Amino acid sequence: METFTALQERVTRARKWKWFWFALLWGVVILAGFVIGEKLQDPKDWVITMTVIVVGAIVYAIVFSGWHVGLIARAQRGQWVEDERRVLRLLEPLCSAADIPMPKVFIIPAEACNAYAAGVLRGHQYVGVTKGILDRLSDDELQAVLAHEVSHLRMQDPLFTAWWIAIVGLIEWVSITLFLVGVGVALTEGRRRSRQAQESAMIGFITAVLAIIVGVVAVILIQIGVRASMRRREFLADGQAVVLMGRAQPLINALSKIRYTPYITNRSTAAASLFALDPVIRRHWWERLFATHPDMDERISRLQTIAREIG
């Protein structure tokens, strides 16, 4: 079981390596665009197109998702004044300790117990909490959950999520484009009688089939890897929450208290990784393979180990 000291070291290491991996993945995107473009005799346009798609997806996920959350926050302003004041009072010392700007707060009108963090840009970060979690948790327990969300913002996990949404979208776009190119070649060349045209038609058909197969397989494998990384980041956020709180017991109590409360939804969502608890019910092993959060028992067990170490 991972100790508190080891967890702190892993948090520091993860933050240092994050930007390296982002730069590496950008390099892969540009290289892939050049290779595909060279095969299709248009490398410059492919590099530009793939880069624009990735940038566009990230901008949408960061800016417009934050904008949507902002609309929700502004629309409900004044409806739960006392609840918002309570959250802000507990949130302020956490943000000061984490050295991040105070996020805007909004209340999610749901009986489920959960909290949510969104936004990367300073001044456009949000923390949402459900009515259910406000009603069920003490101040200490609620602050521990908020510390978990502040840790997500500090580690810029919304950016991590946006990046992978963009990468998956790019792969889907490339596979669909190659599929359409392959079908177009197969249909066009298939009408001609020459042997060369028939060979070209067969190559087009094979390209179309492989594009779909490779696209589907690549998306599935990437999703499995990304979800595994998200589960690791949940452990990191738990550890950072303990660092911000100075003790582990409030978060243990909070997770233990709300582990059996109703979930928000049974449907998967791209934003699931930004909740404190997985809002999706995972009944089967293949569903847990795509889970954004680790098993609750494992989270509590790791926190109990930390609690014993720090006393």
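A salt bridge is a side-chain nitrogen of Lys or Arg within 4 Å of a carboxyl oxygen of Asp or Glu. By this criterion, a search of the whole structure, which is a predicted model, finds 9 salt bridges.

**Figure 1. Overall architecture of the protein chain.** The predicted model contains 10 helices and 3 strands. In sequence order, these elements follow the pattern α-α-α-β-β-β-α-α-α-α-α-α-α. Of the 311 residues in the protein chain, 46% are buried. Among contacts between residues at least 6 apart in sequence, 68% join residues at least 24 apart. The protein chain exposes about 16,100 Å², of which carbon and sulfur atoms supply 62%.

Figure 2. The side chains of arginine 89 and aspartate 139 meet in a salt bridge, at 3.1 Å from N to O. The pair links distant parts of the chain, with arginine 89 in helix 3 and aspartate 139 in helix 5, 50 residues apart. Arginine 89 has a relative accessibility of 48% and therefore counts as partly exposed. Aspartate 139 is likewise partly exposed, with a relative accessible area of 30%.

Figure 3. Arginine 233 forms a salt bridge with aspartate 157, and their closest N and O atoms are 2.4 Å apart. This pair links distant parts of the chain: arginine 233 belongs to helix 7 and aspartate 157 to helix 6, 76 residues apart. Because burial means under 20% relative accessible area, arginine 233 counts as buried at 10%. Aspartate 157, at 3% relative accessibility, is buried as well.

Figure 4. The side chains of aspartate 238 and arginine 299 meet in a salt bridge, with an N to O distance of 2.9 Å. Aspartate 238 lies in helix 7 and arginine 299 in helix 10 (residues 296-310), so the pair ties together parts that are 61 residues apart in sequence. Both aspartate 238 and arginine 299 are buried.

Figure 5. Helix 7 has 51 residues and reaches 73 Å from its first C-alpha to its last, close to the 75 Å expected at 1.5 Å a residue. Phenylalanine 205 is located in this helix, which covers residues 195-245. On the surface, Phe205 forms a nonpolar patch together with Met202, Ile206, Val209, Leu210, Ile213, Val214, Val217 and Leu221. The accessible area of the patch is about 830 Å². Just after helix 7, glycine 246 takes a positive phi of about 85°.

**Figure 6. Pairing of strand 2 with strand 3.** Strand 2 and strand 3 (residues 126-130) run antiparallel and are joined by 4 bridges. Alanine 118 stands opposite tyrosine 126 in strand 3. In strand 2 (residues 115-118), Ala115 and Ala117 point one way, whereas Tyr116 and Ala118 point the other way, and all are buried.

**Figure 7. Non-glycine residues with positive phi.** Aspartate 99 is not a glycine, yet it has a positive phi of about 60°. Aspartate 99 is placed in the loop between helix 3 (81-98) and strand 1 (104-108), and its relative accessibility of 64% makes it exposed. Glutamine 156, also not a glycine, has a positive phi of about 55°. Its position is in the loop between helix 5 (139-154) and helix 6 (157-190). At 22% relative accessibility, glutamine 156 counts as partly exposed.

Key:
Residues numbered from 1 in each chain as written. Predicted model: local features only at pLDDT ≥ 70, side-chain atom pairs only at ≥ 80, totals over all residues. Heavy atoms only, no water. Helix = DSSP H or I, 4+ residues; strand = E, 2+ residues; numbered from the N terminus. Buried < 20%, exposed > 50% of the residue type's maximum accessible area, 1.4 Å probe, protein only. Contact = heavy atoms within 4.5 Å. Areas by Shrake-Rupley, 256 points an atom, 1.4 Å probe, with all protein chains shown as cover. Patch = residues over 30% accessible without salt bridge, like charges linked within 9 Å, V, L, I, M, F, W, Y side chains within 5 Å. Expected span 1.5 Å × (residues − 1). Pairing = 2+ DSSP bridges.
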